[in-house]
Amino acid sequence: MKAIERLRTFREVYGGNQQFLAMYSSIFGGITTDPTAMVIPLDDHMVHRGHGVFDTAAILDGYLYELDQHIDRFLRSAAMAKIKPPFDRENIRSILIQTVSASKCTTGSLRYWLSPGPGDFQLSPAGCPQSSFYAIVIKGQSPPSFKGVKVVTSSVPIKPPQFASVKSVNYLPNALSKMEAEENDAFVGIWLDEDGYIAEGPTMNVAFVSKEKELLMPQFDKILCGCTAKRILTLAQGLVKEGKLKGIRLGNLTVEEGKKAEEMILVGSGILVCPVVQWDDQVIGDGNEGPVAQALYNLVLEDMKSGPATVRVPVPY
Ligand SMILES: Cc1ncc(COP(=O)(O)O)c(C=O)c1O
């Protein structure tokens with residue numbers, strides 16, 4: 001009892017700056033809104049072996065943005081990690097929506113995990129009888145602002161393609177890369193792949209606008225296939241029609257090509273569209289937030305607020 005009281009005090013006093021509004025856990029088979037109960041077992045394979053996968057979805061004005069696209073990637077990640085989910089896709093989707101509903105959160109984010117579950121502290125998950133599924137709703141502010149940032153080339157090695165393309169809980173390289181960037185007064189580190197081509201950031205994809213007004217993005221074979229990046233590739237077709245872009249191209253991009261681009265843009269669920277004004281010592285374009293980044297930011301926001309039903313799932317509160 002004392003432990004639970006102290007856990008409650010810990011949450012109240014040292015809770016951090018994020019508010020956790022609801023959690024689903026397959027361990028207790030339900031949803032709690034009590035932050036003290038939002039815990040997972042230490043013997044869960046995800047905790048002590050880093051064997052787990054996760055995904056997210058933004059909540060805006062009572063809608064989940066690109067929920068189905070994120071669930072598809074979540075289940076692909078689970079398959080790559082050889083985790084058999086405890087429920088089918090429909091049930092997972094329904095639990096996620098119910099968790100957001102129970103949280104009463106209309107603007108924030110939803111994060112969820114699959115793991116082989118608890119059992120023992122062995123390396124093999126053979127002793128974990130039942131896989132586990134967790135979800136949490138985090139209260140959020142309005143969408144991220146549009147402001148130019150500085151990035152640096154990451155000296156922390158990128159994960160090999162087999163692991164970089166899975167959204168697993170192994171984010172040690174990502175966290176170290178972020179910390180290295182912060183130590184250098186930068187927002188994030190940019191990874192290059194093993195051949196020296198531009199890859200991605202630690203929680204985002206990267207895009208460029210060439211002098212010829214082409215939108216360029218590294219292909220997704222060695223990095224995480226970002227839901228935001230893919231959506232932007234679709235939304236950017238409108239900019240091609242309007243003549244604001246000449247074309248869209250996915251391929252290998254050299255650092256030289258990237259650094260002499262008119263615009264460099266970070267894209268991801270957490271940041272939406274974030275213009276880069278400096279990469280290492282190189283000022284990008286004229287050093288200001290670029291017009292294509294601004295147009296893409298507006299398009300994504302509009303998509304989140306009034307896009308088609310395929311990207312907006314209403315939450316029944
Ligand atoms: C390594 C990495 N790359 C790219 C992304 C962008 O993906 P999304 O747009 O689906 O958020 C993320 C998202 O967290 C990520 O962790």
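**Polar contacts between domain 1 and domain 2.** In this predicted model, six residue pairs, both members at pLDDT 80 or more, are in polar contact between domain 1 and domain 2.

Sorted by class, the side of domain 1 that touches domain 2 holds eight nonpolar, seven polar and four charged residues.

**Domain arrangement in the protein chain.** The domain assignment divides the protein chain into domain 1, covering residues 2–139, and domain 2, covering residues 149–306. To the contact between them, domain 1 gives 19 residues and domain 2 gives 19 residues. The C-alpha centres of domain 1 and domain 2 are 28 Å apart.

**Area buried between the two domains.** About 1600 Å² is buried between domain 1 and domain 2, and carbon and sulfur atoms give 65% of that area. On the side of domain 1, the residues that lose the most area to domain 2 are Phe 54, Tyr 65 and Arg 73, which together account for 39% of what that side buries.

Technical notes:
Residues are numbered from 1 along each chain as its sequence is written. This is a predicted model: local features need pLDDT of at least 70, side-chain atom pairs count only at pLDDT 80 or more; totals for chains, interfaces and linings use all residues. Side-chain values use heavy atoms; hydrogens and water are left out. Domain bounds come from an automatic or database domain assignment. Contact means heavy atoms within 4.5 Å. Buried area is the accessible area (1.4 Å probe) that two parts lose on being put together, summed over both. A polar contact is a pair of N or O atoms within 3.5 Å; within protein, one must be able to donate a hydrogen and the other to accept it, and residues adjacent in sequence count only if both atoms are side-chain atoms. Ala, Val, Leu, Ile, Met, Phe, Trp, Tyr, Cys and Pro count as nonpolar, Asp, Glu, Lys and Arg as charged, and the others, Gly among them, as polar.
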